[in-house]
Amino acid sequence: MERLFSNLTITVHPKIYLKDPESSDLGLRIIEHSILLVDEIGFEAFTFKKLGQRIGSNESSIYRYFENKHKLLLYLTNWYWGWLEYKLVMETYSINSPEDKLKQALEVITRPVETDSSFSHIDEVKLGQIVVNEFSKSYLTKEVDDENKEGYFAIYKRLIHRVRDMILESCPDYKHPASLASTVVDGALHQHFLMDHFTSITDCKKSSPPTVFFKHLVLNTLNIDA
């Protein structure tokens with residue numbers, strides 16, 4: 001399996017970009033430094049002009065890859081969900097027990113992001129923080145239904161469907177597998193955000209991270225022994 005994924009490329013919906021950033025050195029630098037800059041100053045303050053200054057390129061050259069910064073955010077979040085799906089598959093494929101597979105899936109989905117040396121142009125830790133802070137801005141828009149029809153959120157939904165299917169394998173009679181799966185995926189982002197910003201309204205902390213909470217929530221809901 002490691003050999004199978006040795007040349008892995010995360011595939012993002014082609015309508016999100018005008019030119020595939022993976023196809024050129026400039027495109028790779030756009031992705032690399034957009035992650036660093038958004039993490040540094042936030043999405044609201046981020047502009048293509050500032051990114052161009054950061055990478056020593058004209059603002060117009062960035063517009064050849066992305067129509068606007070919303071599309072760039074969609075690209076980054078899509079890449080993240082595709083990467084997380086890859087991690088989920090890698091870490092659960094050899095587990096035979098449905099319950100143990102689900103436990104490992106919860107670990108993958110809810111733990112803090114660590115650096116993955118497979119992708120040299122991506123800082124996964126900073127990208128994970130961007131998703132925690134900014135993902136909701138990619139879909140809380142008037143265009144969300146049209147973009148959903150175009151398939152812009154397909155990877156995100158596919159990840160949730162994988163977790164849903166693991167829930168059903170562990171507990172076939174459970175009536176709300178998709179709701180529980182989406183609660184885990186989105187809730188993990190929310191709990192990590194609360195840990196950083198609103199500590200008084202979460203019990204999660206470094207000594208008891210979101211993984212502990214979500215394993216307790218899911219396993220008790222499904223009556224699975226921890």
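Predicted model: local features only at pLDDT ≥ 70, side-chain atom pairs only at ≥ 80, totals over all residues.
Which residues lie nearest the centre of the largest pocket? Let's start there.

The residues nearest the pocket's centre are Arg111, Pro112, Val113, Glu114 and His192. They belong to a lining of 23 residues. The volume of this largest pocket is about 440 Å³. Which elements give two or more residues to that lining? Helix 4, residues 69-92, is one of them, along with helix 5, helix 6 at 124-134, and helix 9. Helix 9 supplies the largest share, six residues.

Now helix 6. Its start is capped. Aspartate 123 sits at the N-terminal end of helix 6, and a side-chain oxygen of that aspartate lies 3.2 Å from the backbone nitrogen of valine 125. Which residues of helix 6 are buried? Glu124, Leu127, Gly128, Ile130, Val131, Val132 and Glu134. Note that two glutamates, Glu124 and Glu134, are on that list. What do the buried residues of helix 6 pack against? Helix 1, helix 4 and helix 9. Keep helix 4 and helix 9 in mind, as both also contribute to the pocket lining.

Serine 34 is located in helix 1, which covers residues 25-41. Is serine 34 buried or exposed? Its relative accessibility is 0%, so serine 34 counts as buried. Where does its side chain go? To the backbone oxygen of isoleucine 31, at 2.9 Å. Leave aside residues up to four places away in sequence, and serine 34 touches Arg29, Phe46, Leu51, Leu72 and Leu76.

Last stop, helix 10. This helix runs over residues 210-221, twelve residues in total. From first C-alpha to last, helix 10 reaches 16 Å, close to the 16 Å expected at 1.5 Å a residue. Pro210, Thr211, Phe214, Val218 and Leu219 are its buried residues. What covers them? The cover includes helix 5, residues 98-110, and helix 9, residues 177-197. After helix 10 comes asparagine 223, with a positive phi near 55 degrees.

To recap helix 9. It gives six residues to the lining of the largest pocket. The buried residues of helix 6 pack against it. And helix 9 is part of what covers the buried residues of helix 10.

Methods: Residues numbered from 1 in each chain as written. Heavy atoms only, no water. Helix = DSSP H or I, 4+ residues; strand = E, 2+ residues; numbered from the N terminus. Expected span 1.5 Å × (residues − 1). Buried < 20%, exposed > 50% of the residue type's maximum accessible area, 1.4 Å probe, protein only. Contact = heavy atoms within 4.5 Å. Polar contact = N/O pair within 3.5 Å; in protein donor to acceptor, adjacent residues only side chain to side chain. 1 Å grid on protein atoms, 1.4 Å probe; cavity = no way out; pocket = protein on both sides within 12 Å on 5 of 7 lines; lining within 4 Å. Points joined across faces, edges and corners; volume = space filled by probe spheres on them.
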